[in-house]
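Thanks, everyone. I have a few minutes on one structure, so please look at the screen and I will go through it.

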Amino acid sequence: MSAAESEAVVGRLTRFRNTASVIDQTRMYFEEAHRRGLMAVYGRSVAERAVSLTTGDRRGNTITDYVRCSYLGLDNHPAIVAGAIAAVEEYGSLHWSCARTRLNFGLIGELENRLCQLFRARVIAYSTVMVANMGALPIIASGHLTAGQRPVMVFDRLAHASLAFHKPVVAEETEVETIPHNDLNALEELCRKHPVVAYVCDGVYSMGGFAPVDGLLRLQEKYGLFLYIDDAHGISLFGDTGEGFARSQLPHELGERTIIAASLGKGFGASGGMLMLGTAHQEALFRCYSIPHAFSASPNVAAIGAALASADIHQTSELKLRQERLVERIAFFDRHIETDQRGAPLPIRMIKVGDEFAAIDFAERLLDDGFYTSATFFPTVARGRAGIRICLTASHDLSDLERLCARIASHERHALGVA
């Protein structure tokens, strides 16, 4: 094989994945973050957002966690914990090692029915959101949800890794394109060029920001655009029943051109993932041909019991109370710290740093102050745009949040060399 032919092969192989290069370029950051005790941190929940560390140089320290994405603070809710325990005791088993197309826990059917009522959709539950995406995207690419025409699959450039990871598989089915973040003009140009287009994006992005749902609906109305929205970070935070950022802005009936993936383990406070489907045809295909449904097991019984308990909470006034508490904490943070996300009704805030090692240093200083935050760097964010991610929740104490803001301001001044 000639050098040119070899280069062409490598180009084809790395069009959508380039794992070797990513590892080579980022290993130094991961190694430093691990060395500083900022990654692979082990602990146990104490109360609310407090965590007692159980390993490493900081063993025995109690820190306040700003890493977990349980935005409503439901992940250690007594009713949800009790729901998990009760389900295991009732069924006498944690897990059935059987594909969903064969044998299912009766409890999973009950959960899916409850979620259908909450979210006004046909819901299938999965063990994780990534697994749900893995099953959904190839089916969309096949054309079986778009009248036999394979759609051009268009990914937002900042679509979560759990979406982008599947590009090579999707590319075996149809053409794959990637467009700049939230670029409706680029998306419309593709809609004009191709008879069928499916757009893959996040509802709420894990590093801040959100999808322009109104604009996407206009393109759907004009061109028949198929929408696949992963609203993992938006579920439970918006809507009267916690239907999420995306679903709360969509018509009462999802219809045949919109699918929403979401988490049961973030704002929902339990464990697992789900798909919201609009038609019986879609549900029938997914229950037969979705890889994790046909060849893997359902969420375990504890996860199902926890999710059922959360579904109960979502039908009470407690949901609205927790949503309001979260809004209050977001506003509090925004009054004290300026970020690009200031004013957005979302719980994710990014403190800009720039240099990767400086971001790691910043996060270590905060951890030594008793606040565990996420040092984010390439490839999670663009090279040279490292920073600190803060996940705000309804159960963060306001006095603790005030101390965090004071320490962030102090460390920002230190980074700028200001006394």
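Cys 405 has a relative accessibility of 4% and counts as buried, where buried means under 20% relative accessible area, exposed means over 50% and partly exposed is in between, with a 1.4 Å probe and protein chains only. This is a predicted model, in which local features need pLDDT of at least 70 and side-chain atom pairs count only at pLDDT 80 or more, while totals for chains, interfaces and linings use all residues. Residues are numbered from 1 along each chain as its sequence is written, and side-chain values use heavy atoms, with hydrogens and water left out.

Is Cys 98 buried or partly exposed? Cys 98 is partly exposed, at 24% relative accessibility. As for disulfides, taken as pairs of cysteine sulfur atoms within 2.5 Å, the count is zero. Cys 98 is in no disulfide, and its nearest cysteine sulfur, that of Cys 288, is 14 Å away. Cys 405 is in no disulfide either; there the nearest cysteine sulfur belongs to Cys 391, 14 Å away.

Next, strand β7. Helices (H or I, at least four residues) and strands (E, at least two) are DSSP runs, numbered from the N terminus. Strand β7 covers residues 197-202, and six of its six residues are buried, so the strand is largely enclosed by the rest of the structure. Val 197, Tyr 199 and Cys 201 are buried on one side, and Ala 198, Val 200 and Asp 202 are buried on the other.

Which strands pair with β7? Pairing here requires that DSSP finds at least two bridges between two strands. Strand β5, residues 152-156, runs parallel to β7 and is joined to it by four bridges, with Val 152 opposite Val 197. Strand β8, residues 226-230, also pairs with β7 in the parallel sense, over five bridges, and Asp 202 stands opposite Asp 230. From β7 the chain passes through helix α9, residues 213-223, to β8 in a right-handed β-α-β crossover; right-handed means that, with the strands pointing away from the viewer, the path from the first strand over the helix to the second runs clockwise.

There is also an open sheet of four strands, in the order β1-β2-β3-β12, with mixed pairing. The edges are β1 (43-45) and β12 (371-372), each with a single partner strand, so one side of each has no neighbour in the sheet. β1 and β2 are antiparallel, over three bridges.

Last, salt bridges. The structure has 26 of them, each being a side-chain nitrogen of Lys or Arg within 4 Å of a carboxyl oxygen of Asp or Glu. One joins Asp 368 to Arg 58, with the closest N and O atoms 3.1 Å apart. Asp 368 is in helix α15 (residues 356-368) and Arg 58 is in the loop between β2 (50-53) and β3 (62-65), so this pair ties together parts 310 residues apart in sequence. Asp 368 is exposed at 53%, whereas Arg 58 is buried at 14%.

A second salt bridge links Asp 400 and Arg 403, at 2.6 Å from N to O. These two are three residues apart in helix α16 (residues 398-415), about one helical turn. Asp 400 is buried at 9%, and Arg 403 is partly exposed at 46%.
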